[in-house]
Amino acid sequence: MVTRKKNGRSVDGAGSILSTVSGPSTAQPPSSLGSENPVAAQLLQKTVAGQQLAAQMPFNPNKAGEHGSAATTPQPGATHAPSIPAATASTSTETIASAKVGSGVPPVGVDPIAGPLDRVRADASGQRLTTNQGVPIADNQNSLKIGLRGPTALEDFILREKITHFDHERIPERVVHARGSAAHGYFEAYQDCSELTRAAPLAQAGKRTPVFARFSTVVGERGSADTVRDVRGFAVKFYTDEGNWDIVGNNMPVFFIQDAIKFPDLVHAVKPESHHQMPQASSAHDTYWDFASLMPETTHMLMWQMSDRAIPRSYRTMQGFGVHTFRLVNAAGESRFCKFHWNPVQGTHSLVWDEAAKIIGADPDFHRRDLWEAIEAGEFPQWELCLQVFTEEQAAAFEFDVLDATKLVPEEMAPLMPVGKMVLNRNPDNFFAETEQVAFCSAHVVPGIDFSNDPLLQGRNHSYLDTQISRLGGPNFHEIPINSPIAPVHNNQRDGIHRQAIHRGRVNYEPNSLGGGCPFQAGMQGFTSFPERSAEDKVRGKPEMFADHYSQARMFWNSQTAPEQAHIAAAFRFELTRVQTPAVRERVVATLVNVNPVLAAAVAHGLGIDVPAPLPLATNRPIPEFKPSAALSLLARPGNTGIHTRKVAILVAAGVDGVGVRAIYASLLADGAVPRVVGTHLGKVKTADGGSLDVEISLEAGPSVLYDAVVVPDGEMAVNAMSGDANALDFVRQQYRHCKPIMVVGAGAALLQAAGVPATLPDGSADTALVSADSEALPKALAAFKQALAGHRSFARETDLLPA
């Protein structure tokens, strides 16, 4: 057998090392993963050493001693020493160091929890007073008020943390965002942003701040599937040298409601219906659409939810947004409004609905697996943090209210300013200890970051903190290692369930003299709230601008490409078809009439009803008209990382062109893709030249929806065999239907014909994502295939478009 090599090293089976499912039956492991990535090399060493360690114990030698008289003399357990420490590691990235995760030299055979209590002893001598997030406190004598004689502000997170902790000093799954995945990494600033903010991560060019980022679905329980239609959470914890700062957002820049008082209603409506607890992780049911249709402020968010944004291809290929308007405050006390944007370097890519639904059955851990595999292989996900900065005067001139969370600020009105990048370079060692126990809160801010009066944000600031107390067992959740800041914590909060710190001395109050006055308040070096003027009556209500529910929904619709618009209409049709109450369906369509008549007509047709009259508007003010914004289309962001981490299936059967397969495999691997040799079952297949190939995964374990593209190699005998295999035929049909790149070499074209896959687009033009070539022209064909693989899908294949 001729083995394809890269720089003299075998790469056969490399795709299986880069994956977490299946692998060859008996083949030797590769000696290279086809690139110079040092983390990939560590992954290979870890995997090989782990396999060798397991092979040293072909059976349990102690089992016989568990029975009869031999059981009266227990024997020590059988052990074998690993050849390298990485063989027993949780992750290949454990040697990556940071101020949060440690030195990068993991302790082996050591349990630091069992060490001396000095590791948790705390003393505040000479230290500033801080919050539990390590944020220095400027004033510990007064709560934040609206004027010296005014009411206390709900946004006073220092007051609420202190009182809440006190309330719980005598002592389950997240309600929303229960299912998530996370990773460690760092944020690196591009420049000194001190003119805008004194926030520590943005203090100087090149400064690195450790981060922990968690991505999640919203509606489903912890055991639900990854690829449901849903909003995705996008939360980042910065471990700054002035305390922890959390940007707790979503992959969509707007939200359903305008005031936090409606959040319990929204969640109750979208969760499984209370009488029978169905459906799981889905908004396609009566109670949700009943609520949404009676709350027209949800319209803009519904457009996003029904778009392809709600079914991302990967956590790594979705944007993140802080959603709300925040304040940036510099050292001089000057304030500007700001919105936070995370833009993925790999671009924004989505699934299609049929594919997403099938993935739920094929691999419900699809997004979790994808993130883990990429980091393990050293393909570190990256996002650019961009600030959208505008003054209060500019905000006052907008035709919408920036305190309304159902509105966004178009990039054309306030350009994005890239200020740094986030790189996720280390997987958690333990899912529960880190990913499950991490606690985010929108009120976790540091000096230089402050809140606006967004009523949804104000409520979130309380809710996120309060929910952690129930979920993590008490007020000391900040002492769980993943939540603890790298900045020192010194305050007078004591006791409570699961307290870890052992405080020296007898002082637990301020002011004091018995502790020398420590910890002491930091004065102007600590967090100070921006002194926004407010002289209005206390009322319950919303500003008049909040009554515009449709202008930005129209802008979003008009900013989508034709395929994206068709997908939105299809999503509304699918969701409302599952609704049983006709009045609810009609009310939703009446809402859509206010967005776009073509959209409303398409959804009405799909439901078999006439287009109803539009819902009445909530205001007599003219509805603003916004120009389309190209940035709102997924297709505007293809990314710049080429084919890195794209998964490519290479279909094989007996008689396949082995030389061609190895050439394709090595070429894809060299450019960062993850090829897999896919056959009917594991084992070896004979090649046309008399050699053999190891199948890495079977068609049933690795169906079409798990790959970004497919290659059908040359080999008449192999193609004939696959043409009679229903699984192989379905594989290429679904690759075509889901608009993915396909490459066929020589006789491989016959498999497409057998599957009924057309050679051209529906309009008769060439399909650039369907590449066909003879074996002799393989390099040119591979280049064209890679170009298609690096971009967005071939949506030109779709025929279910809306009328122009």
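Is His177 buried or exposed in this predicted model? With a relative accessibility of 15%, His177 counts as buried, because anything under 20% falls in that class. The legends below start with the whole chain and then zoom in.

**View 1. The whole protein, before the close-ups.** Along the principal axes, the C-alpha trace spans about 90 × 80 × 55 Å. Of the 804 residues, 55% count as buried. The exposed surface comes to about 33,800 Å², with carbon and sulfur atoms supplying 55% of that area. As for charge, there are 70 positive and 83 negative side chains, and the centres of these two sets sit 3 Å apart.

**View 2. The annotated active site, with His177 and Asn250.** An unreviewed UniProt entry puts the feature "active site" at His177 and Asn250. The pair spans 74 residues in sequence, yet no two of their C-alpha atoms are more than 10.3 Å apart, so they gather at one spot. His177 itself belongs to the loop between α3 (157-167) and β4 (180-189). Leaving aside neighbours within four places in sequence, what is His177 in contact with? Asn250 is on that list, together with Arg214, Ser216, Thr217, Val218 and Gly233. Take a look at the backbone too: His177 has a positive phi of about 65° although it is not a glycine. Most residues other than glycine have a negative phi.

**View 3. Arg174 and the annotated binding site.** Staying in the loop between α3 and β4, this view picks out Arg174. The "binding site" annotation, again from an unreviewed UniProt entry, covers Arg174, Arg214, Phe263, Arg460, Tyr464 and Arg471. Arg174 is buried, with a relative accessible area of 11%. Setting aside neighbours within four places in sequence, Arg174 is in contact with Arg214 and Arg471, and also with Thr435, Glu436 and Val438.

View 4. Phi of Gln277 is near 55°, a positive value in a residue other than glycine. Gln277 is partly exposed, at a relative accessible area of 46%. Then comes the peptide bond from Met278 to Pro279, which is cis, with omega near -5°. Most peptide bonds are trans.

**View 5. Another cis proline, at Pro519.** Which peptide bond is shown here as cis? That's the one from Cys518 to Pro519, with omega near -5°. Pro519 has its place in the loop between β14 (502-503) and α12 (551-558).

**View 6. Pro447 and what packs around this residue.** You'll find Pro447 in the loop between α10 (431-436) and β13 (449-451). At 1% relative accessibility, Pro447 counts as buried. Not counting residues up to four places away in sequence, Pro447 touches Val135 and Pro136, Arg198 and Ala199, Glu242, and finally Gly526 and Phe527. For a sense of scale, Pro447 and Gly746 are 64 Å apart in space, C-alpha to C-alpha, and 299 residues apart in sequence.

**View 7. Ser629 in its loop.** Where is Ser629 found? Ser629 belongs to the loop between α15 (597-607) and β15 (647-651). Ser629 is buried, with a relative accessible area of 2%. Once neighbours within four places in sequence are left aside, Ser629 is in contact with Glu412 and Ser559.

Conventions
Residues are numbered from 1 along each chain as its sequence is written. Side-chain values use heavy atoms; hydrogens and water are left out. Helices (H or I, at least four residues) and strands (E, at least two) are DSSP runs, numbered from the N terminus. Buried means under 20% relative accessible area, exposed over 50%, partly exposed in between (1.4 Å probe, protein chains only). Contact means heavy atoms within 4.5 Å. Accessible areas come from the Shrake-Rupley method with a 1.4 Å probe; for residues, only the protein chains shown count as cover. Lys and Arg count as positive and Asp and Glu as negative; His and the chain ends are not counted. The place of a charge is taken as NZ of Lys, CZ of Arg, CG of Asp or CD of Glu. UniProt positions are given in the numbering used here, feature names are shortened, and annotations may be inferred rather than shown by experiment.
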